[in-house]
Amino acid sequence: MTVDAGRGFVRINLDREKCIGSGQCVLAAPDWFDQDEDGIAIVLEGTASEEDSEDVHQAAYTCPALAISLDSE
Amino acid sequence: MDRTPGCPLDLPVKLRELAKTAPVSRVRIWDGSTPWLITGYAEAREVLTDPRASSDQRLPGYTFAAPQAKAFHTRNRSMPTVDDPEHAYLRRMVTADFSNRKAEALRPVFQRTMDELVDAMLAAGNTADLFADLAVPMSSKAICEVLGVHHSEGERFAALGRIMAVPGSPDSVHARVVEDMRALLSSLVQQAHTDPSDGVIGHLVRAGELPDEEIVATALLVMAAGHGATAHMTTLGTMALLTHPDQLELVRESRDPVFIANAVEELLRYLSVAHLGRRRVAKEDLEVGGVLIRKGEGIIVATDTANHDPRAFDGDPDALDLHRDARHHLAFGFGVHQCLGQQLSRVLLQVVYGTLYRRIPTLELAIPVDQISYKLDLAIYGVNELPVKW
């Protein structure tokens, strides 16, 4: 999960205000997301390398509250 | 809507045609109104995540699935029938009780219940009704755990829950049972004031933010929304597997929890038991798939049809394929109202499907498939009973 210098990666933005605690991100990408004691999502790791980012993209796509956005950098 | 005789698990032909030709179209429903029907996957996601598509059933233009649904939701104003920020306020109070961690913590509890129920089925002979003997008690157990219903009330709770979940009870019977359930939950809320248990009821009482009657309404919602859906999904999923022997074989032989979890997602997609659509009404004009929906017009999002949209799922979406990646299905809905109990439901179904065919490898239907009777008129697609033998 560490990002190699000079290679593409995606940055994870989570809007905790929008989160409804569905847990979809935790299912899709458990290495990047967890839930706090209220069941609201938290980000464990803020970036993923491009080749490692399939789970993170799945998390963003299946978030029902559209609370996750990804920036490619 | 009627399904093709002989193909009880296939979507109604009319809906499948609409999905191909007109993902956004107008229909006439039981009360004579003509709401919009959304059958495309992308269009369904669009509507369900659009705050202008309201869930507020008091707004003119809101379409109810049936008179019974109208009566229930008018009496029980709660999470599914209000918009943000009121919805978010109510939902946040209970998200902890439905988290992934909570669901995983219940896995061994569900497994123990499942093992006991299978033991009882095997001890009783070589036939059973999978709905009454397995699906309903499993589902009851899950709801009791999440609400925090004491063991002493578990039996009464299960008995009422069984009647609520069985399709085809006359409206008068259904209404009386709902009132009995409301009275039981009311007494549980009273008890929780002196002895708050773990679970939704105890947490809401301890939080002290909602009046008792709203705590009762929330508990009743968890019961009404979760119990039947889980029980029917358990039963119909088993029926789907028993009528697809090649797919059943995959589940029976698998010891891989990742495969079982994927199989559950595909069964959720394929069956989409919440088959009467998600109901919305436009609070403002909005455009979906190039079609203008005007303020005040009703919208029915046919998530079951969207779950069979070939633009969204690889291969033939009308086929059951347990290796398919179906994780983005809309069986639990989408948007902020997505099913609160989905992670609990997943774990329960993983336990059921991962156990049943392994423990009873010769399980089969005890009556010809065309003699099974279905209920098309309630919010959850299901069967009255599923006689099985081994």
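Me: Which strands of chain A does helix α2 lie across, and at about what angle does it run to β5(A)?
Reply: This is a predicted model, in which local features need pLDDT of at least 70 and side-chain atom pairs count only at pLDDT 80 or more, while totals for chains, interfaces and linings use all residues. Side-chain values use heavy atoms, with hydrogens and water left out, residues are numbered from 1 along each chain as its sequence is written, and chains are lettered from A and ligands numbered from 1 in the order in which they are written. Helices (H or I, at least four residues) and strands (E, at least two) are DSSP runs numbered from the N terminus, contact means heavy atoms within 4.5 Å, and axes are lines fitted to C-alpha atoms, for helices over the stretch in contact, with angles from 0 to 180 degrees between N-to-C directions. Helix α2 (residues 54–62) of chain A lies across β1, β4 and β5 of that chain, and its angle to β5(A) is about 140°.

Me: What is the order of the strands in the open sheet of chain A?
Reply: Two strands pair if DSSP finds at least two bridges between them, and β1 (residues 9–14) pairs with β5(A) in the antiparallel sense over five bridges. The edge strands, each pairing on one side only, are β4 (47–49) and β5 (68–72) of chain A. The open sheet of three strands, with antiparallel pairing, therefore reads β4-β1-β5.

Me: Is A:Ser49 buried or exposed?
Reply: A:Ser49 lies in strand β4 of chain A and touches A:Gly8 and A:Phe9, not counting residues up to four places away in sequence. Buried means under 20% relative accessible area, exposed over 50% and partly exposed in between (1.4 Å probe, protein chains only). Because its relative accessible area is 13%, A:Ser49 is buried.

Me: Where does α5(B) bend?
Reply: The bend at a residue is the angle between axes fitted to the seven residues ending there and the seven starting there. In α5(B) this angle is about 35°, and a proline, B:Pro108, follows within four residues of the bend, which is at B:Arg107.

Me: What area is buried between chain B and chain A?
Reply: In this pairing, 19 residues of chain B are in contact with 23 residues of chain A. Buried area is the accessible area (1.4 Å probe) that two parts lose on being put together, summed over both. Carbon and sulfur atoms give 45% of the area here, which is about 1,800 Å².
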